[in-house]
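Dear colleague,

Please find the structure below, followed by a summary of what was found in it.

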Amino acid sequence: MGMQTDVKQAHLNGSGFFVKGRNRVKGISMVGAGSADGTLVLFDAAAAPVTASVTYARSGTTVTVSKTAHGLTCGAVIGIHFATGTGGTATDGTYTVTRIDANSFSVTDINSGTITGTPAAVYAVGRWLMTYEIDSTDVFQNAPFIPGEGVLADTAVYGYMSNIAAAQIYYG
């Protein structure tokens, strides 16, 4: 295989689309804001993720997500990121939704556990690609390794940032 020359770069200072269309994320770098622990989540989605007033609970492998008027139907596929709650966290990933009612739905986690309280979640109709978390004391440029040919996004690459000062992706 010859040298690859089609890699491009996109930069954000806040949540938004890095790039639209089918692309492979081949690299990523980010720097924390330094005020609190930071999180960068990449979604393959046509629209921005739902971030306001989303909470969850977990019992065993069942994760119940609460969001007023969520609008999802049974069988919808979402990518979701779960904040840490008392007792741990649910597993970030791509899941098929079971609609409970207009204000809640459930997904089946690949792991088992119990979460108490109502920690936050962020979800997008589409797929979860990856999550990176940075400690509040980490204000250095971070560039985690993405193996192989990268991570494929079919629709777009959306970056959800919480306490991240800047992030870049390298794609092609």
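**Pocket and sheet**

The lining of the largest pocket comprises seven nonpolar, six polar and three charged residues (Ala, Val, Leu, Ile, Met, Phe, Trp, Tyr, Cys and Pro count as nonpolar, Asp, Glu, Lys and Arg as charged, and the others, Gly among them, as polar). This is a predicted model, in which local features need pLDDT of at least 70 and side-chain atom pairs count only at pLDDT 80 or more, whereas totals for chains, interfaces and linings use all residues. Residues are numbered from 1 along each chain as its sequence is written, and side-chain values use heavy atoms, without hydrogens and water.

The largest pocket holds about 270 Å³ of space. A pocket here is an open set of points on a 1 Å grid over the protein atoms alone where a 1.4 Å probe fits, with protein on both sides within 12 Å along at least five of seven lines; lining residues have an atom within 4 Å of a point. The volume is the space filled by probe spheres set on the points, which are joined across faces, edges and corners. Among the 16 lining residues, Thr 39, His 81, Ala 83, Glu 133 and Ser 162 are the closest to the centre. Strands E4 (38–45), E6 (77–82), E10 (121–134) and E12 (156–162) each give two or more residues to the lining, and E10 supplies the largest share, four residues. Strands are DSSP runs (E, at least two residues), numbered from the N terminus.

Elsewhere, three strands form an open antiparallel sheet in the order E5-E9-E8; two strands pair if DSSP finds at least two bridges between them. E5 (55–66) and E8 (98–101) are the edge strands. Eight bridges join E5 to E9 (residues 104–115), and Ser 59 has Thr 114 in E9 as its bridge partner.

Yours sincerely
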